[in-house]
Amino acid sequence: MTPHDRSSSDLATLPAPALALQVHPASAWQPDLTVTASLALAGTLDGPALLIDYRIHGDLRDLKIPPPTDPVATDGLWQHTCAEAFLGLAQAAAYREFNFSPSSQWASYAFEDERVRASASVPVGHACPAVSCSATSDTIHVLALIPAPLWPAPGPCLIGLTTVLEHEDGRLSYWALAHPKDRPDFHDRQAWTPLPFSLSGHRPS
């Protein structure tokens, strides 16, 4: 899935200001990095998608980055350098988790309640997340697309934006918009934020 230009009547692309992620103070690794994520709606060849632009900036010499591989669904991505998103209706317990590896691998999980995996699996196949990665000497840029069939039901949504960063020695650093608890917990809705635009008007008919 790649971004594709459409007229504003087809789909409004609504970039939102970049949001700063914070490192959890209990993380084993406390790197001097800046991590941000920004949101937009985008048109793709397969229909509308939620676009998330993650940027990791600073001295990257100690950051372990997964090498490129096939863009397939893979479990355990969160054990290494990985961007993540948690998306659910504000007034419902159910939500979805997405993992985006710089390697181009991805994962998608459905939950009925906090950390309670749904019995029905998230659809895969044609409606799959997509992830791409590029890098300069001081910035890692992870671009993720969540297609409309994987969005929650219509209504106001909350989103959690997070990353896990791995040191070359294996230590992990946990980043999120906020950290309400003493230990990292990306599933905690207290750390999520309202989606800055509505998805309801952009679903395919």
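The largest cavity in this predicted model has a volume of about 80 Å³, where a cavity is, on a 1 Å grid over the protein atoms alone, a set of points where a 1.4 Å probe fits but cannot get out, and where a volume is the space filled by probe spheres set on points that are joined across faces, edges and corners. Of its 205 residues, 50% count as buried, that is, under 20% relative accessible area with a 1.4 Å probe and protein chains only.

Because the model is predicted, local features need pLDDT of at least 70 and side-chain atom pairs count only at pLDDT 80 or more, whereas totals for chains, interfaces and linings use all residues. Residues are numbered from 1 along each chain as its sequence is written, and side-chain values use heavy atoms, with hydrogens and water left out.

**Cavities**

- A search of the whole structure finds two cavities of 30 Å³ or more.
- Lining residues, meaning those with an atom within 4 Å of a point, number 16 for the largest cavity, and A176, A178, D185, F186 and A191 lie nearest its centre.
- Strand β11 (residues 157-167) contributes the largest share of that lining, three residues.
- The lining of the largest cavity comprises eight nonpolar, four polar and four charged residues, with Ala, Val, Leu, Ile, Met, Phe, Trp, Tyr, Cys and Pro counted as nonpolar, Asp, Glu, Lys and Arg as charged, and the others, Gly among them, as polar.
- The second largest cavity, with a volume of about 30 Å³, is lined by Y54, I56, T81, C82, A83, P102, V142 and T163.
- In the lining of the second largest cavity, β3 and β5 (82-89) each supply at least two residues, and the division by class is six nonpolar, two polar and no charged.

**Pockets**

- A pocket is an open set of grid points with protein on both sides within 12 Å along at least five of seven lines, and the largest pocket holds about 270 Å³ of space.
- Of the 15 residues that line the largest pocket, W78, E84, E97, R115 and H187 are the closest to its centre.
- Strands β5, β6 (95-100) and β7 (106-113) each supply at least two residues of the lining of the largest pocket, which by class has eight nonpolar, two polar and five charged residues.
- About 180 Å³ of space lies in the second largest pocket, and of the 14 residues that line it, those closest to its centre are A94, Y95, R96, F111 and P152.
- The elements that give two or more residues to the lining of the second largest pocket are β5, β6 and β7, and by class this lining has eleven nonpolar, one polar and two charged residues.

**Nonpolar cores**

- A nonpolar core is a set of buried Ala, Val, Leu, Ile, Met, Phe, Trp, Tyr and Cys residues joined through side-chain atoms within 4.5 Å, and in the largest one, of 36 residues, L50, I52, Y54, F100 and L161 touch the most other members.
- Two or more residues of this core come from each of β2 (33-44), β3, β5, β6, β10 and β11, and β2 gives the most, with five residues.
- Not counting residues up to four places away in sequence, F100 touches Y54, C82, A83, E84, A85, Q105, P129, V131, V142, A144 and I146, contact meaning heavy atoms within 4.5 Å.
- A second, separate core of 14 residues includes F86, F111, L172 and A191.

**Strand β10 and its partners**

- Strand β10 (residues 139-147) is mostly covered, with eight of its nine residues buried.
- Two strands pair if DSSP finds at least two bridges between them, and strand β3 (residues 47-58) pairs with β10 in the antiparallel sense over nine bridges, the bridge partner of L50 in β10 being I146.
- Strand β9 (residues 130-135) also pairs with β10 in the antiparallel sense, over six bridges, and A130 has L145 as its bridge partner in β10.
- The hairpin formed by β9 and β10 has three residues between the two strands.

**Contacts along the chain**

- Among contacts in the chain between residues at least 6 apart in sequence, 65% join residues at least 24 apart.

Conventions
Helix = DSSP H or I, 4+ residues; strand = E, 2+ residues; numbered from the N terminus.
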